[in-house]
Amino acid sequence: MIIDALAKRIEDFIVAHMEEVDSIKIETIRYGIKVFLINAYKIPIIFITAYLLGIFKYAVIAYICFGSLRTFAGGIHAERGIACIISSMIILYSPAYLSPYLDRNYNIALFIITFIIIALYSPSDTRKKPIKSYKLKADLKADSILIVVIIFAASCLLPKDISGVMVVSMFFESLLVLPITYKIFGKERSSYA
């Protein structure tokens, strides 16, 4: 695959110029490069389409809120590029179309549900990419909860349409950490508790 070959070349270049190298750092660098390269083509497609649909502003807000929480909470991923693009479009565009129908009471209800899910099930990893450190898991859970609270608090200060997009996008991310979601899509969480 082109992305794997390019990622390997970039990784080799970075590692060759590092003073301290260990397997954890190399794995982190490898993963970061792959994520960057995959998103380098996916993000423009998603945002150009959002612009053409007239929801660019809302897609950017959803991306920031969803991505901020996903960074710490984890969750399932699509296996293939086109599935990733389509699922990302659904997740990032839906809040723009749903938010006009939500008032502050719905936002509060979604916040509470999101908070509970994140408190119970984040961070959510996979067998391929397990989180082995108990301290790291505890830190990621605390950060996930903090992100949910901060984004919700910020959403309370903003207009209704933006507020709805923020809360719905966090809610969608919380659904991706649920064990039932893993089962529905045939994925496995890691065995590390």
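**Entry 1: α2 and α3**

I began with α2 and α3, which pack at an angle of about 140° with their axes 7 Å apart. This is a predicted model, in which local features need pLDDT of at least 70, side-chain atom pairs count only at pLDDT 80 or more, and totals for chains, interfaces and linings use all residues. Residues are numbered from 1 along each chain as its sequence is written, and side-chain values use heavy atoms, with hydrogens and water left out.

The angle makes α2 oblique to α3. I noted the cut-offs: under 35 degrees is roughly parallel, over 145 roughly antiparallel, 65 to 115 roughly perpendicular, and the rest oblique. Axes are lines fitted to C-alpha atoms, for helices over the stretch in contact, and angles run from 0 to 180 degrees between N-to-C directions. Helices are DSSP runs (H or I, at least four residues), numbered from the N terminus.

Which residues meet here? Ile43, Phe47, Ala50 and Tyr51 in α2 meet Phe56, Ala59, Val60 and Tyr63 in α3. Contact means heavy atoms within 4.5 Å.

**Entry 2: α4 and α7**

Next I looked up α4 (residues 81-98) and α7 (residues 160-175), which pack at about 140° with axes 8 Å apart. α4 and α7 are therefore oblique to each other. On the α4 side I listed Ile91, Ser94, Pro95, Ala96 and Leu98, which meet Val165, Val168, Ser169 and Phe172 in α7. The contact of α4 with α7 has seven nonpolar, two polar and no charged residues.

**Entry 3: the core**

Which residues touch the most other members of the largest nonpolar core? They are Leu69, Leu92 and Tyr93, out of 40 residues. Such a core is a set of buried Ala, Val, Leu, Ile, Met, Phe, Trp, Tyr and Cys residues joined through side-chain atoms within 4.5 Å. Elements giving two or more residues to this core include α2 (23-53), α3 (56-73) and α6 (134-156). Leaving aside neighbours within four places in sequence, Leu92 contacts Ile46, Ala59, Ala62, Tyr63 and Phe66.

**Entry 4: Ser124**

I then turned to Ser124, in the loop between α5 and α6. Is Ser124 buried or exposed? Ser124 counts as buried because its relative accessibility is 4%. Buried means under 20% relative accessible area, exposed over 50%, partly exposed in between (1.4 Å probe, protein chains only). Ser124 and Gly75 are 49 residues apart in sequence, yet 5.1 Å apart in space, C-alpha to C-alpha. Not counting residues up to four places away in sequence, Ser124 touches Ala73, Gly74, Gly75, Val177, Tyr182 and Arg189.

Key: Nonpolar A, V, L, I, M, F, W, Y, C, P; charged D, E, K, R; others polar.
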